[in-house]
Amino acid sequence: METTKHLFFLFACLVSSLSLAAQDLKLNQIQIIGSHNSYKSTMAPELLDYLSKINPAASQSLAYSHIPLESQLDLGLRNLELDVFHDPRGGRYTDPKGLEIIKSKGGTLPDYDPNNSLSKPGLKLFHVQDLDFQSHYLLFADALEALKKWSNQHPNHTPVFILINAKDGNVPGTRPTLPFTSTALDSIDLEIRTHLGMEKLITPDLVRGNYANLEEAVLAGNWPSLNKVSGRFLFVLDENEEKTDRYLSAKPELKDAVLFVNKKEGHPTAGFRIINNAVRDEEYILDLVKKGYMIRTRADSDTKEARTEDYSTFEKAKTSGAQVISTDYYQPSAFFNSSYKVIFDENVYERPNPVLRKN
C-alpha cells in the first residue's frame with residue numbers, strides 16, 4: 001500500500017510539472033515550495049542536549065533535518081538552500097569539536113565524513129562549524145554533481161531555485177572561519193560553472209537580455225518561459241549588503257555572473273528579493289510580485305510553527321504571491337509530535353502563481 005501511495009504521489013508531481021510547462025507560464029508565474037538548510041542531516045542528540053543547557057532556544061531551533069537533496073527533488077520540491085564555507089586549501093574543518101562532546105556523553109560517534117571530504121580543497125557544505133556539522137554532502141562540488149546527475153535524469157523538470165549563504169560568521173567556542181572576500185565569493189561562481197555547467201543555469205545575463213540592466217528587464221516582464229528554461233537551476237546569493245557589494249565588485253552589474261543578488265528594488269541588479277516575514281510584509285511582497293520581481297519567503301522558522309501546528313505564516317506566504325516558499329516541514333517532524341506539513345492544497349509542491357496569470 002505504501003509503495004502504491006508513493007508511486008501515485010510521484011505521478012502527481014510529474015503531472016503538475018508537465019501542466020505548468022503546458023500552460024507556457026513564465027518563470028515568475030509559478031509558486032513553489034522548497035527547503036531551508038536543505039543539506040542538513042540529523043544532528044547528534046548529545047549535541048542538541050549539550051546546547052539545550054547553554055542555549056535552549058538554539059537547541060530547539062536546530063531540531064530538524066532533511067532527506068537527501070535528490071530525494072527532496074523527487075518529492076517535487078523546487079527550492080533548496082545551501083550554506084558554504086570558504087576552505088581553499090582544505091582541512092580547516094576536519095575533526096569537529098562536537099565529536100568530543102558526543103564522546104563525553106557516551107554517544108556513538110557519527111560517520112560524518114566517510115570520504116575524508118573535509119580534508120579536500122574547496123567550498124564546504126554544512127550549517128555551523130564544530131557543532132551542526134553533519135551534512136548529506138560536505139563538499140559543495142559533490143552536491144552540485146549530484147544535482148546535475150538528478151537533473152540529467154529528469155531533463156524537463158521545473159527550474160530549481162537555490163539560495164546560497166556564504167557563511168563566515170564566528171560562533172563562540174568554535175574555530176574561526178575564513179572571510180568571504182570578493183575573490184572567495186567569485187569562487188562560488190567558479191564551482192557552479194565547473195560542476196553544473198552553464199547550460200544548466202538561469203543567469204542574470206539570460207534574464208537581462210537586451211535591456212540596459214536586470215531590474216529594467218524584470219520590470220518589463222522579461223523572465224523566460226518555463227519551456228525555455230526547464231531542466232535548469234537559478235542561484236541567488238542570500239547575503240547582507242556588504243557581502244553582496246563584495247560580490248558585485250567581482251561581477252559588476254551582474255555581467256557574466258552566476259548568482260542573482262538580494263538587492264532592494266531601485267538598484268540596477270534588483271530582480272530576486274528575499275523577504276522572509278510573510279506575515280509582516282504580505283502587502284509589500286504582493287506589490288513587488290505584481291511589478292515583476294521574484295520573491296522568496298518562509299512558511300516557518302526555528303521549528304516554532306511546526307511545534308504549534310500554526311499555518312498562518314504559510315497562508316500569508318501563499319496569498320502574497322511569493323514565488324518561492326521555504327519550509328523545514330515538507331514532511332512532518334521526526335523530532336517531536338506534530339502533523340504540521342507544508343504542501344499546496346493540490347497535494348503538490350509547485351503550481352501556477354495565484355497572484356499572476358498568464359498574459
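**Aromatic pairs, sheet and charges**

Tyr93 is buried, its relative accessible area being 4%. The model examined here is a predicted one.

Q: At what angle do the ring planes of Phe85 and Tyr93 stand, and is the pair stacked or edge-to-face?
A: There are 10 aromatic pairs by the rule applied. In the pair of Phe85 and Tyr93, the ring centres are 5.5 Å apart. Planes over 60 degrees apart count as edge-to-face. The planes of Phe85 and Tyr93 stand at 65°, so the pair is edge-to-face.

Q: Which residue of strand 3 stands opposite Phe85?
A: Phe85 is buried, at 1% relative accessibility. Strand 2 covers residues 79-85 and is joined to strand 3 by 2 bridges, the two strands running antiparallel. The residue of strand 3 that stands opposite Phe85 is Lys124.

Q: Which strands stand at the edges of the open sheet, each with a single partner strand?
A: The open sheet is formed by 5 strands with mixed pairing, in the order 3-2-4-5-6. A strand with a single partner has one side left without a neighbour in the sheet, so the edges belong to strand 3 (124-125) and strand 6 (259-261).

Q: How far apart are the closest N and O atoms of the salt bridge between Asp130 and Arg175?
A: Asp130 and Arg175 form a salt bridge. This pair links distant parts of the chain, 45 residues apart: Asp130 is in the loop between strand 3 and helix 6 (140-153), and Arg175 is in the loop between strand 4 (160-166) and helix 7 (182-195). Both partners count as buried, Asp130 with a relative accessible area of 4% and Arg175 at 16%. Their closest N and O atoms are 2.6 Å apart.

Q: Which residue forms a salt bridge with Lys243?
A: Lys243 is buried, with a relative accessible area of 6%. The closest N and O atoms of its salt bridge are 2.8 Å apart. Lys243 lies in helix 11 (residues 241-250) and its partner in the loop between strand 4 and helix 7, so the pair ties together parts that are 75 residues apart in sequence. The partner is Asp168.

Q: How many salt bridges does the structure hold?
A: Side chains of opposite charge can pair when their charged atoms come close. Some salt bridges are linked in a network, as with Asp49, Lys53 and Lys105. The number of salt bridges in the structure is 21.

Q: Which residue's backbone nitrogen does the side chain of Asp300 reach?
A: Asp300 lies in the loop between strand 8 (294-298) and helix 13 (304-308). It is buried yet has no salt bridge, the nearest side chain of opposite charge being that of Arg298, 5.2 Å away. A polar contact of 2.6 Å joins the side chains of Asp300 and Thr327. At 3.1 Å, the side chain of Asp300 reaches the backbone nitrogen of Asp328.

Q: Which residue of strand 9 stands opposite Thr297?
A: Strand 9 (residues 324-327) has both faces covered: Val324 and Ser326 on one side and Ile325 and Thr327 on the other are all buried. Strand 1 (residues 30-35) runs parallel to strand 9 and is joined to it by 4 bridges, with Ile32 opposite Val324. Strand 8 also pairs with strand 9 in the parallel sense, over 3 bridges. The residue opposite Thr297 is Ile325.

Q: Over the ring of which residue does the charged end of Arg351 sit?
A: The charged end of Lys40 sits over the ring of Tyr64, 5.0 Å from its centre. For Arg351, the distance from the charged end to the ring centre is 4.3 Å, and the ring is that of Phe344.

Definitions and conventions. Residues are numbered from 1 along each chain as its sequence is written. This is a predicted model: local features need pLDDT of at least 70, side-chain atom pairs count only at pLDDT 80 or more; totals for chains, interfaces and linings use all residues. Side-chain values use heavy atoms; hydrogens and water are left out. Two strands pair if DSSP finds at least two bridges between them. A salt bridge is a side-chain nitrogen of Lys or Arg within 4 Å of a carboxyl oxygen of Asp or Glu. Buried means under 20% relative accessible area, exposed over 50%, partly exposed in between (1.4 Å probe, protein chains only). Rings of Phe, Tyr and Trp (its six-membered ring) pair if their centres lie within 6.5 Å; planes under 30 degrees apart count as stacked, over 60 as edge-to-face and the rest as tilted. A charge sits over a ring if NZ of Lys or CZ of Arg is within 6 Å of the ring centre and within 35 degrees of the ring normal. Lys and Arg count as positive and Asp and Glu as negative; His and the chain ends are not counted. A polar contact is a pair of N or O atoms within 3.5 Å; within protein, one must be able to donate a hydrogen and the other to accept it, and residues adjacent in sequence count only if both atoms are side-chain atoms.
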